[in-house]
Amino acid sequence: MEFAQYAVVLLITLLFLVLSFKRRLNLPPSPWGLPLIGHLHLLGRMLHLSFQALSTKYGPIVFLRLGMVPAVVISSPELAKEVLKIQDANFASRPYLIMGEYNFYNFRDIGFVPYGDYWKRMRKLCATELFTVKRIESFQGVRTREMRGVLSELVNAADYQKPINMRHLLTTYVFNVVMQILMSKRFFEYGEHEAKMSSEAEDFKHIVFEITEQMLQFHISEFVPAFMRRIDWKIPEMKRIHARQDKFLQRILDDHKARLESETSQPIDFMDIMLQSLKSEGARGEESVKAIVTELLSGGDTSASLIEWTLLELMHNPLILQKAQEEIDTVVGKERLVAESDFDKLEYLQAIVKEAFRIHPPAPLLIHMSTEACKVAGYDIPKGTSTFVNGYAIGRDPAVWEDALQFKPERFLGNSIDVKGQDFELLPFGAGRRMCPGMSLGLKTAQLLLFNLIHSFDWSFVPGKGMDCYELKEQSGTVLWLETPLEVVVSSRLPKPI
Ligand code: HEM
């Protein structure tokens, strides 16, 4: 037979397999797919937008084949509840993502790890040693110091009406906070003192950013059977990133080990605690420490993204900004900064944060996987189906939210809808067993800086770079960044010195 004949026979066989698979199972609605690639050709650079378009056409549950991997997209609060709460245990696993193998030490982290004993053990370690109320409170001083650093940089810029790249300041703030909590290290100063930065630390900060950027990019290995994964042409690049990541982390880890080995030394940060807990596991234990530290650092980017989007919305909606400033003036006054103990009294500001999460969720897709075959909404879901809950689409669905595309914090006043995983129309941190364990830390870190930025300054766009340069432009990756980093000009509102 000629090559063309072989190809036709192969295509017909594949088509037959796909159709007989469909006949046997009552799968959710699905667009017409192509042999081999399935529905990959329907997906663009920003997965959450492609999925949103598909759910507008096919409904709140859509079945897809991503290469050879079955997938469903969920886009309604009711079905999100079904997957994340009612059938939580069955959907608590994660599909294979190549970053887990190459940047998280062959799945030694928490977020990429399949549901099972290792995941339970590591998650428990973080829950009891890092994310307790007491531990998060104990780092209040670190957050406050870093917040003051950002404010004083902005006060200097205000004096000269100098344009400021907020993305840079915000990511530095979050990185400094999380680095100190995890490893007692502080590498960066703000603004004028940037020359003091360690170039190695700058490289590492960039690596963490590159890793989060890579997560939702196209990787062939994620759409083929396990034995074919080595064909992925991005593997060499990932190995190169990993070598830099490992060199940096190993040096810090060795310092920690040396200090812990001296008899009098007590654990002072999370890296110490992890090293002690996993000591008996030798090199594997150390890999867990490095993988988890990288992941927790990349978790911080979500807080920076939230602040950047919120500032953009407030600059676009000056009346909302004014109302927020009035609330702080009433509750806190102009003689001091906002403290974490004020948060509960700042009802309108809390509503602003919820509204920002609704319309710009920093992590737009919750990515899970079914461990066993099951039914959702009466449809068959095969075992091992990648399950994407599209929090972004739910947050902007006009059937769920009135004036869904407008930024209206008032919608959250006088009701109890919250971001804590109980209200399935608002899921910025996910829900169920895989829900974000860093929620409380992430919220406190973001709110402390955001509220003080609102309190301390009036905000304007850089001339010639107004709202139309930013609106609705988003960047792909696991963190939903503004496509263009936000640049601002600020004027101080508070009497100096703050
Ligand atoms: C505004 C801040 C944050 C947002 C919006 C956010 C959002 C999320 C979301 C949506 C998930 C996936 C949930 C799911 O699959 O259902 C997640 C998982 C995770 N987040 Fe966060 N996060 C934030 C801050 C943080 C911080 C500060 C840390 C740690 C320092 C962190 C650590 C993690 C980890 C370890 C996971 C994986 C959990 C698992 O798979 O069991 N996050 N986060």
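**View 1. Contact range and overall dimensions of the protein.** Among contacts between residues at least 6 apart in sequence, 72% join residues at least 24 apart. The model shown is predicted. Its secondary structure comes to 16 helices and 11 strands. The C-alpha trace spans about 85 × 60 × 40 Å along its principal axes. Of the 498 residues, 42% are buried.

**View 2. The largest nonpolar core.** This core has 123 residues. Those that touch the most other members are Val 73, Ile 74, Ala 80, Val 178, Leu 182, Val 293 and Leu 449. The element that gives the most to the core is helix H12, residues 282-316, with 13 residues.

**View 3. Surroundings of Leu 449.** Leu 449 is listed among the core residues that touch the most other members. With its neighbours within four places in sequence left aside, Leu 449 is in contact with Met 147, Val 150, Tyr 173 and Ile 307.

**View 4. Pairing of strand S11 with strand S3.** Strand S11 covers residues 487-492, and strand S3 covers residues 164-165. The two pair in the antiparallel sense, over 2 bridges. Within this pairing, Val 488 in S11 stands opposite Ile 164.

**View 5. Pairing of strand S11 with strand S8.** Strand S8, residues 457-461, also pairs with S11 in the antiparallel sense, here over 5 bridges. Val 489 in S11 is the bridge partner of Ser 460.

Key:
Residues numbered from 1 in each chain as written. Predicted model: local features only at pLDDT ≥ 70, side-chain atom pairs only at ≥ 80, totals over all residues. Core = buried A, V, L, I, M, F, W, Y, C linked by C-beta atoms within 7 Å. Buried ≥ 20, exposed ≤ 12 C-beta atoms within 10 Å, placed from the backbone. Helix = DSSP H or I, 4+ residues; strand = E, 2+ residues; numbered from the N terminus. Contact = placed C-beta atoms within 7 Å. Pairing = 2+ DSSP bridges.
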